[in-house]
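Subject: Structure for your files, with notes

Dear colleague,

Here is the structure I said I would pass on. My notes on it follow below.

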Amino acid sequence: MERHLLSGVEPDPARDAGHPEPPPRVGFFTDTSVCIGCKACEVACKEWNAIPEDGLSLTGMSYDNTQGLGASTWRHVAFIEQTVSEETVPEPQGRTQLPLVDGTAPAAPQEAGETTRWLMSSDVCKHCTHAACLDVCPTGSLFRTEFGTVVVQEDICNGCGYCVPACPYGVIEQRPSDGRAFKCTMCYDRLSAGQEPACAKACPTESIQFGPLDELRERAALRVDQLHEAGVSGARLYGDDPDGGVGGDGAFFLLLDKPEVYGLPPDPVVTTRDLPAMWKHAGAAAVSLLGGFALSFALPALARRRGTR
């Protein structure tokens with residue numbers, strides 16, 4: 001039975017979208033605690049999907065040369081340098097520690113008991129359970145696949161741009177050359193052939209894990225417990241909760257700090273959540289307006305009839 005929910009818990013978005021017997025929903029679990037910032041995922045994504053080059057300029061504030069997700073950057077590895085308490089960073093347990101800059105001096109002045117750490121995270125489209133970009137698309141260019149993912153059909157996109165402000169994560173973007181919108185497809189062509197997405201295939205540390213979403217959520221919860229036991233108290237999951245503002249993400253993350261540190265909204269909400277209430281209020285306003293018009297004509301006519309008697 002199709003329900004077409006705009007918010008709330010949705011256990012099977014593919015079936016809700018009209019796929020009668022969909023396979024288990026799949027997604028990404030990105031464990032940022034093991035990301036090394038190699039950008040292999042960015043390269044693999046561009047190569048497989050034939051995404052054009054979109055600038056290689058450093059910001060001057062980071063080693064990041066792609067700066068953010070966009071129409072021609074479907075995977076983006078963020079580089080975040082922090083000065084933190086030494087108690088925040090667990091012991092390396094026999095691993096070699098390398099300086100973040102040449103020599104032994106830290107990159108920024110530090111107080112006693114402080115150290116520097118990198119936070120790296122490979123960001124991507126979240127493939128939301130309730131995808132506002134899909135809800136507002138007037139041409140059907142955006143659609144829900146049988147795997148529960150959200151894909152843009154570039155040959156149907158008319159460049160209206162409605163999807164851009166609808167996305168609570170600021171993921172989808174239009175290309176300046178023709179105005180059409182683009183974003184991650186989770187390699188829909190590869191999924192249809194029984195293969196995993198190119199970015200997950202290329203990740204050397206398994207920071208990007210692909211598989212059935214329910215299994216990934218269980219694996220992620222165990223990983224958080226493991227990090228807490230190791231003394232990483234800031235480890236947390238982001239986007240995994242089906243009760244969240246977008247009904248849970250098809251691509252969720254294990255973060256080592258607050259979402260804002262990674263450039264992620266702390267409490268994202270699907271922007272079309274209130275559409276039913278808005279239409280109801282609009283309908284009530286329209287009825288009131290029509291009633292006002294009717295009265296404006298009826299009352300003078302009634303007064304004239306009384307005056308002629």
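How many helices and strands are there in the protein chain? The chain has 8 helices and 10 strands. Please keep in mind that this is a predicted model.

Overall figures

The protein chain has 309 residues, and 40% of them count as buried. It exposes about 17000 Å², of which carbon and sulfur atoms supply 55%. For contacts between residues at least 6 apart in sequence, 67% join residues that are at least 24 apart.

The sheet

An open sheet is formed by 4 strands, in the order β8-β1-β10-β9, with mixed pairing. The edges are taken by β8 (208-212) and β9 (236-238); each has a single partner strand, so one side of each has no neighbour in the sheet. On average, neighbouring strands of this sheet are turned by 25° against each other, direction ignored.

Strand β1, residues 26-31, pairs with β8 in the antiparallel sense, over 5 bridges. Within that pairing, threonine 30 stands opposite isoleucine 208 in β8. Helix α7 (residues 213-229) lies across β1, β8, β9 and β10 (251-255), and its direction is about 135° to β8.

Serine 122

Which residues does serine 122 contact, once its neighbours within four places in sequence are left aside? They are Thr30, Cys41, Arg75, His76, Val77, Ile208 and Phe253. Serine 122 itself belongs to strand β3. Its relative accessible area is 2%, so serine 122 counts as buried.

Aromatic pairs

A search of the whole structure gives 5 aromatic pairs. In one of them, the ring centres of phenylalanine 79 and tryptophan 118 are 6.1 Å apart and the planes stand at 90°, so this pair is edge-to-face. Phenylalanine 79 counts as buried because its relative accessibility is 16%, under the 20% limit. Tryptophan 118, with a relative accessible area of 22%, is partly exposed.

Another edge-to-face pair is made by phenylalanine 147 and tyrosine 188, at 6.2 Å centre to centre and with 75° between the planes. This pair also links distant parts of the chain, 41 residues apart: phenylalanine 147 sits in the loop between β4 (142-144) and β5 (150-152), and tyrosine 188 in helix α5 (residues 188-192). Are these two residues buried or partly exposed? Phenylalanine 147 is buried, at 13% relative accessible area, whereas tyrosine 188 is partly exposed, at 22%. Ring pairs also bring in Phe143, which forms a cluster with Phe147 and Tyr188.

Arginines over rings

Two arginines lie over aromatic faces. Arginine 175 is over the face of phenylalanine 182, at 3.6 Å from the ring centre. Arginine 190 is over the face of tryptophan 48, at 4.6 Å from the ring centre.

Glutamate 154

Phenylalanine 182 also turns up in the contacts of glutamate 154: leaving aside neighbours within four places in sequence, this glutamate is in contact with Arg180 and Phe182. Glutamate 154 lies in the loop between β5 and α4. It counts as partly exposed, at 40% relative accessibility. From glutamate 154 to serine 141 there are 13 residues in sequence and 6.9 Å in space, C-alpha to C-alpha.

Cysteine 167

Where is cysteine 167 found? Its place is the loop between α4 (163-166) and β6 (173-174). Cysteine 167 counts as buried, since its relative accessibility is 15%. Valine 269 is 102 residues away from cysteine 167 in sequence, yet their C-alpha atoms are 9.3 Å apart.

Best regards

Terms used
Residues are numbered from 1 along each chain as its sequence is written. This is a predicted model: local features need pLDDT of at least 70, side-chain atom pairs count only at pLDDT 80 or more; totals for chains, interfaces and linings use all residues. Side-chain values use heavy atoms; hydrogens and water are left out. Two strands pair if DSSP finds at least two bridges between them. Helices (H or I, at least four residues) and strands (E, at least two) are DSSP runs, numbered from the N terminus. Axes are lines fitted to C-alpha atoms, for helices over the stretch in contact, and angles run from 0 to 180 degrees between N-to-C directions. Contact means heavy atoms within 4.5 Å. Rings of Phe, Tyr and Trp (its six-membered ring) pair if their centres lie within 6.5 Å; planes under 30 degrees apart count as stacked, over 60 as edge-to-face and the rest as tilted. Buried means under 20% relative accessible area, exposed over 50%, partly exposed in between (1.4 Å probe, protein chains only). A charge sits over a ring if NZ of Lys or CZ of Arg is within 6 Å of the ring centre and within 35 degrees of the ring normal. Accessible areas come from the Shrake-Rupley method with a 1.4 Å probe; for residues, only the protein chains shown count as cover.
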